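Please read it alongside the model.

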Amino acid sequence: MSNGPIPKKADPRKLAERGAQITGIAEISAMPRLASFLCSEQGAVDVTLEFAVDEQHLRTVTGTAKGQVLMTCQRCLEPVSIDVEATFNLAVVLNDEQARNLPRYFDPLLVEEEDVELLPIVEDELILSLPSVPKHLDCSVKTSWGESETVRLQQEKPNPFSVLASLKDKVDKR
């Protein structure tokens, strides 16, 4: 299909029968659950979804979603750009029993109605691909106070073991 926005709804069973491919862009602002993990709703991810029927006659949805998102660095609390890449390997099922009988390499895509919203599927996979602790690679924590104060106080405070050192020096001289 086109290279524009991802369609809101589609019937994955019909798309699988046709062997369709959807390539498009998913705006982060259209994925509120994903946006709740981010510090900005700006941007988009490139999405490719391929629908097929495999050798076991299972209707499958495979694909990738790639892009960059802004999260809050857990060291300095500044925005950090994170590359996200999600891959999915789903099989269309109509009930829980079919889901239990799927080969392990497929995750179930439970279809209760003809049309399924595609964006929440992509959103779920992107959420799973986010790092649990986002951080800059070369982040330095900036403090307005504390480090220099602590160093100065430690330098002014006498070492309690210096008395022992002087006693040791007297014993060694004897």
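## Thr60 in strand S4

Thr60 is located in strand S4, residues 59–72; strands (E, at least two residues) and helices (H or I, at least four) are DSSP runs numbered from the N terminus. The model is predicted: local features need pLDDT of at least 70 and side-chain atom pairs pLDDT 80 or more, while totals for chains, interfaces and linings use all residues. Residues are numbered from 1 along each chain as its sequence is written, and side-chain values use heavy atoms, with hydrogens and water left out.

Thr60 counts as buried because its relative accessibility is 6%; buried means under 20% relative accessible area, exposed over 50%, and partly exposed in between (1.4 Å probe, protein chains only). Apart from neighbours within four places in sequence, Thr60 is in contact with Ala16, Glu50, Phe51, Ala52, Asp54, Leu90, Ala91 and Phe106, where contact means heavy atoms within 4.5 Å.

## Nonpolar cores

A nonpolar core is a set of buried Ala, Val, Leu, Ile, Met, Phe, Trp, Tyr and Cys residues joined through side-chain atoms within 4.5 Å. The largest one has 39 residues, and Met31, Val47, Leu49, Phe51, Val69, Leu118 and Leu126 have the most contacts inside it. Two or more residues of this core come from each of helix H1 (12–18), strand S2 (21–27), S3, S4, strand S5 (79–93) and helix H4 (119–129). S5 gives the most, with seven residues.

Leaving aside neighbours within four places in sequence, Leu126 touches Met31, Leu34, Val45, Ala65, Val84 and Ala86. A second, separate core has five residues, among them Leu58, Ala91, Leu102 and Phe106.

## Exposed positions

Gln42 sits in the loop between helix H2 (32–35) and strand S3 (44–53). With a relative accessible area of 64%, Gln42 is exposed. Its C-alpha lies 9.8 Å from that of Gln68, 26 residues away in sequence.

Phe161 is in the loop between helix H5 (147–156) and helix H6 (162–173). Phe161 is exposed because its relative accessibility is 56%.

## The chain as a whole

The chain has six helices and seven strands, in the order β-α-β-α-β-β-β-α-β-β-α-α-α from the N terminus. Of its 174 residues, 33% count as buried. Among contacts with a separation of 6 or more, 55% join residues 24 or more positions apart.

The accessible surface comes to about 12,000 Å², with 51% belonging to carbon and sulfur atoms; accessible areas come from the Shrake-Rupley method with a 1.4 Å probe, and for residues only the protein chains shown count as cover.
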